[in-house]
Amino acid sequence: MTEVYSYRAEIGANWKLFIDAFAEFYHAPILHMKQAVKDEADKLAGYGYEALHYDLQPPHSMISSWGGMAPPKDLNMVKPIERVLRSGLFGPWDQPDIDGLADDQLPTALNPTGFHSWGQDSFEFFPNMTLLVWKPGWYLTYAYWPTAVDKHIFEASLYFVPPKNARERLAQELAAVTFKEYALQDANTLEATQTMIGTRTVTEFPLCDQELLLRHLHKTVGDYVKEYRDASAN
Ligand SMILES: [Fe+2]
């Protein structure tokens with residue numbers, strides 16, 4: 001997967017807040033699907049969300065999720081440009097041939113529950129890297145580089161097999177620009193969260209069961225900081 005699209009941006013939020021947003025997917029039907037066709041957005045909002053699987057391998061972790069249907073079950077669910085280019089947020093609809101894998105075969109680490117409508121697995125490599133593999137046969141990496149307590153550089157790269165023709169190239173480009181739009185939606189809410197935290201009015205966040213990976217991240221960071229402080233004190 002040598003065809004790469006990359007984005008880099010300074011985000012006005014602590015690096016951990018951005019990881020928090022990518023370590024759970026239940027915000028997606030509410031925050032992101034507002035952009036979908038209205039009937040589809042309303043339907044998804046009504047479903048609610050639960051992940052398929054969580055795995056903690058300290059200090060790392062992963063979450064497995066459904067979703068990411070490509071192509072969609074009903075073509076009316078998506079916008080005209082997606083129908084024309086056969087692509088969208090979840091990637092190009094036509095699965096590429098991948099060396100070493102038979103059709104529909106996955107590398108052993110993926111879709112640990114063997115769920116029929118599995119969509120993506122997200123691996124959080126402590127401290128600052130995410131690897132997100134999508135069912136349609138491509139993947140994303142994120143890196144988070146803290147520059148201040150309330151700022152970081154966010155880098156995202158999308159990896160595809162090289163396109164064989166102009167249509168495949170356009171399908172990849174649509175996935176890449178759609179991804180950017182969704183990342184902006186995430187960044188927007190996170191900068192708002194940072195502003196709220198910065199006031200120190202709110203000092204505690206209740207985390208639900210689905211935020212298992214968030215609890216793991218913050219516990220691990222706390223342990224690292226404590227270890228450093230203890231060592232510095234000696
Ligand atoms: Fe998001």
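A polar contact here is a pair of N or O atoms within 3.5 Å; within protein, one atom must be able to donate a hydrogen and the other to accept it, and residues adjacent in sequence count only if both atoms are side-chain atoms. Hello everyone, and let's keep that in mind. This is a predicted model, where local features need pLDDT of at least 70, side-chain atom pairs count only at pLDDT 80 or more, and totals for chains, interfaces and linings use all residues. Residues are numbered from 1 along each chain as its sequence is written, and side-chain values use heavy atoms, with hydrogens and water left out.

Let's begin with helix 5, residues 166-199. Helices (H or I, at least four residues) and strands (E, at least two) are DSSP runs, numbered from the N terminus. At the start of helix 5, a side-chain oxygen of Asn 165 comes to within 3.2 Å of the backbone nitrogen of Arg 167.

Seven strands make an open, antiparallel sheet in the order 1-7-6-5-4-3-2, where two strands pair if DSSP finds at least two bridges between them. Its edges are strand 1 (3-11) and strand 2 (53-57), each pairing on one side only. On average, neighbouring strands are turned by 15° against each other, direction ignored; axes are lines fitted to C-alpha atoms, for helices over the stretch in contact, and angles run from 0 to 180 degrees between N-to-C directions.

Helix 1 (residues 15-22) packs on this sheet and touches strands 1, 4, 6 and 7, contact being heavy atoms within 4.5 Å. The direction of helix 1 makes about 155° with that of strand 6. Helix 6 (residues 212-233) also packs on the sheet, touching strands 2, 3 and 4, at about 165° to strand 3.

Strand 7 is joined to strand 1 by nine bridges, with Ala 9 partnering Phe 154. Nine bridges also join strand 7 to strand 6, and these two strands form a hairpin with two residues between them. Is strand 7 mostly covered or mostly open? Mostly covered: eight of its ten residues are buried, meaning under 20% relative accessible area, with exposed over 50% and partly exposed in between (1.4 Å probe, protein chains only).

Next, a serine to look for. Ser 87 sits in the loop between helix 4 (80-85) and strand 4, and it counts as buried because its relative accessibility is 0%. Its side chain reaches the backbone oxygen of Ala 171 at 2.6 Å. Beyond its neighbours within four places in sequence, Ser 87 has contacts that include Trp 93 and Leu 174.

Finally, the charged pairs. The structure has six salt bridges, each a side-chain nitrogen of Lys or Arg within 4 Å of a carboxyl oxygen of Asp or Glu. One of them links Asp 94 and Arg 86 at 3.0 Å, N to O, and Arg 86, Asp 94 and Arg 167 are connected in a network. In helix 6, Asp 223 and Lys 219 lie four residues apart, about one turn, and their side chains meet at 2.7 Å. Lys 219 is exposed at 52%, whereas Asp 223 is partly exposed at 35%.

Definitions and conventions: The expected span of a helix is 1.5 Å times one less than its number of residues.
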